[in-house]
Amino acid sequence: GYGISAGSVTNCEPRDKNVNLTAFVSRMYTKALNRSYDVNGLNDWTGDYLAGKATADKIAYGFILSQEFEGRNLTDEQYVDTLYRTFFDREPDEDGKAGWLYELAKGTSRKDVLDGFLGAQEFANLKGSFGV
């Protein structure tokens, strides 16, 4: 009665094809870059994943090793806090944070610390919750 007729929608963009993947990538923007996603970036990341060109870990590397993330100029403490929030979906525990800060202070690279987070069971669980 309102001039509305049934139809269909074709999911043309990668971001429309897997809601959980899109949520995972969108979350990376929010947690790692502290901003909302941009449509082109969201489509690029989800498209690469769907095409088999990227894994969830590769996406994570892409965000944390990006020029935009580097440009945030985070202190070691802020860096570790961000990794906890991004990959474990929680605030850091006191002992864990102290351990990572000790590693950074003695010269361990940020990439090596990132690898520690990416290899953790907590991140595997988070990825599993998104099905990626």
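Reply: Happy to! One definition to begin with: helices here are DSSP runs of H or I with at least four residues, while strands are runs of E with at least two, and both are numbered from the N terminus. Counted that way, this predicted model has eight helices and zero strands. Its radius of gyration is 18 Å, well over the 14 Å that the globule rule gives for 132 residues, so the chain is more spread out than a compact globule. Along the principal axes, the C-alpha atoms fill a box of roughly 70 × 30 × 30 Å.

Now to the part you asked about. Tyr-84, Phe-88, Trp-100 and Phe-117 come together as one aromatic cluster. The whole structure holds nine aromatic pairs. One of them joins Tyr-84 and Phe-117 edge-to-face, with 5.0 Å from centre to centre and 85° between the planes. Tyr-84 belongs to helix 5 (residues 76-88) and Phe-117 to helix 7 (residues 110-118), so this pair ties together parts that are 33 residues apart in sequence. As for solvent, Tyr-84 and Phe-117 are both buried. Across the chain, 35% of the 132 residues count as buried.

Helix 7 has charged residues worth a look too. Within it, Asp-115 and Lys-111 are four residues apart, about one turn of the helix. They form a salt bridge whose closest N and O atoms are 3.3 Å apart. Asp-115 is partly exposed because its relative accessible area, 27%, falls between the 20% and 50% cut-offs. Lys-111 is likewise partly exposed, at 40%. Arg-110 does something else: its charged end sits over the ring of Tyr-79, 4.5 Å from the ring centre.

Let us move on to helix 6 (residues 94-105), where you will find Leu-101. Leaving out residues up to four places away in sequence, Leu-101 touches Asp-76, Glu-77 and Val-80. Leu-101 is partly exposed, with a relative accessible area of 24%. To give you a sense of scale, its C-alpha atom is separated by 27 Å from that of Val-25, a residue 76 places away along the chain.

Elsewhere in the chain, Arg-35, Asp-38 and Glu-68 are linked in a network of salt bridges. Arg-35 meets Glu-68 at 2.5 Å, N to O. That pair links distant parts of the chain, with Arg-35 in the loop between helix 1 (19-33) and helix 2 (39-50) and Glu-68 in helix 4 (residues 67-70), 33 residues apart. Arg-35 also pairs with Asp-38, where the closest N and O atoms are 3.3 Å apart.

Finally, back to the chain as a whole. Among contacts between residues at least 6 apart in sequence, 66% join residues at least 24 apart. The chain exposes about 7,700 Å², and carbon and sulfur atoms supply 47% of that area.

Notes: Residues are numbered from 1 along each chain as its sequence is written. This is a predicted model: local features need pLDDT of at least 70, side-chain atom pairs count only at pLDDT 80 or more; totals for chains, interfaces and linings use all residues. Side-chain values use heavy atoms; hydrogens and water are left out. Buried means under 20% relative accessible area, exposed over 50%, partly exposed in between (1.4 Å probe, protein chains only). Contact means heavy atoms within 4.5 Å. Rings of Phe, Tyr and Trp (its six-membered ring) pair if their centres lie within 6.5 Å; planes under 30 degrees apart count as stacked, over 60 as edge-to-face and the rest as tilted. A charge sits over a ring if NZ of Lys or CZ of Arg is within 6 Å of the ring centre and within 35 degrees of the ring normal. A salt bridge is a side-chain nitrogen of Lys or Arg within 4 Å of a carboxyl oxygen of Asp or Glu. The radius of gyration is taken over C-alpha atoms; the globule rule is 2.2 Å times the number of residues to the power 0.38. Accessible areas come from the Shrake-Rupley method with a 1.4 Å probe; for residues, only the protein chains shown count as cover.
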